[in-house]
Amino acid sequence: MMILPELRLAFVHIYKTGGTSLTLLLAPHTWPRFRQQETRLSGNGFQGTWHFKGQQHSKFSNGFPPGLKDDMHEYRFLAVVRDPYTWSHSVYKEFFSTDYEAVTGSNFLFGQVKPGRSLEEFHAFARAFKPGHPDMYGLDTQTSFLDGIPKDQLHLVRFENYDEEVRDLLPKLGVNVESLPHSLDRGDAKRVEAEKLRNNPEHVAFCNEFYAEDFENFGYEKR
């Protein structure tokens with residue numbers, strides 16, 4: 001989570017929602033006590049250097065600084081949310097489709113029980129493990145990152161309309177937007193693959209079930 005005390009603003013960085021671009025825009029407004037001692041603007045993992053305690057994808061429930069809890073009513077909270085159908089595909093491609101070898105956690109466990117690492121195997125793995133491990137990386141919902149934030153203090157940007165909504169919203173929150181960096185744009189192939197999955201009955205059924213609260217809270221339509 002990024003903390004911008006002077007603007008009374010906090011950015012909750014939900015993974016796979018284009019948060020890297022916002023990190024670059026918000027970085028100049030952070031204070032030393034709420035970021036890492038040595039910050040970077042590029043390189044692997046640079047985003048975390050600007051986040052409180054280096055926790056890039058922390059949820060509000062465990063990422064908002066305890067020392068600011070008394071002032072929480074003064075803060076606005078910013079997050080980017082994404083259509084659950086494409087978000088689920090992006091989470092799978094980034095965290096589960098490839099064996100990262102030395103990386104443990106969800107990715108390692110998935111490879112042990114579902115060595116084929118297919119999308120269908122991810123669906124089965126997620127359904128089987130979420131009841132006992134709801135916070136396992138990649139098995140949570142976007143809503144879970146924002147639980148506990150009063151709705152009147154929460155400002156959301158939709159990933160699908162990112163540029164327009166960021167340009168409109170951030171100046172209202174005190175952040176000047178001259179240009180929008182897209183440093184991790186992976187091209188069209190992944191987007192085309194994700195869009196095709198809208199016609200995949202198994203993927204649609206999985207998302208409708210698994211991310212039901214995201215559809216309800218963020219207004220995305222179910223197929």
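Which handedness, left-handed or right-handed, does the crossing of helix 1 and helix 7 have? The views below are of a predicted model, in which local features need pLDDT of at least 70, side-chain atom pairs count only at pLDDT 80 or more, and totals for chains, interfaces and linings use all residues. Residues are numbered from 1 along each chain as its sequence is written, and side-chain values use heavy atoms, without hydrogens and water.

**View A. Helix 1 against helix 7.** The crossing is right-handed (the near helix is turned clockwise from the far one by less than a right angle). The axes of helix 1 (residues 19-26) and helix 7 (residues 162-172) come within 12 Å and cross at roughly 30°. Helix 1 is therefore roughly parallel to helix 7 (angles under 35 degrees). Ser-21, Leu-22, Leu-25 and Leu-26 of helix 1 touch Tyr-162, Val-166 and Leu-170 of helix 7 (heavy atoms within 4.5 Å).

**View B. Helix 4 against helix 5.** Helix 4 (residues 106-113) and helix 5 (residues 119-129) pack at about 110°, with axes 11 Å apart. The two helices are therefore roughly perpendicular (65 to 115 degrees). Ser-106, Leu-109, Phe-110 and Val-113 of helix 4 meet Glu-121, Phe-122, Phe-125 and Phe-129 of helix 5.

**View C. The second largest pocket.** Its volume is about 220 Å³. A pocket is an open set of points on a 1 Å grid where a 1.4 Å probe fits, with protein on both sides within 12 Å along at least five of seven lines; lining residues have an atom within 4 Å of a point. The lining includes Asp-147, Lys-151 and Phe-218. Helix 6 (142-146), strand 4 (154-158) and helix 10 (212-218) each supply at least two lining residues.

Notes
Axes fitted to C-alpha atoms, helices over the stretch in contact; angles between N-to-C directions. Helix = DSSP H or I, 4+ residues; strand = E, 2+ residues; numbered from the N terminus. Parallel < 35°, antiparallel > 145°, perpendicular 65-115°, else oblique. Points joined across faces, edges and corners; volume = space filled by probe spheres on them.
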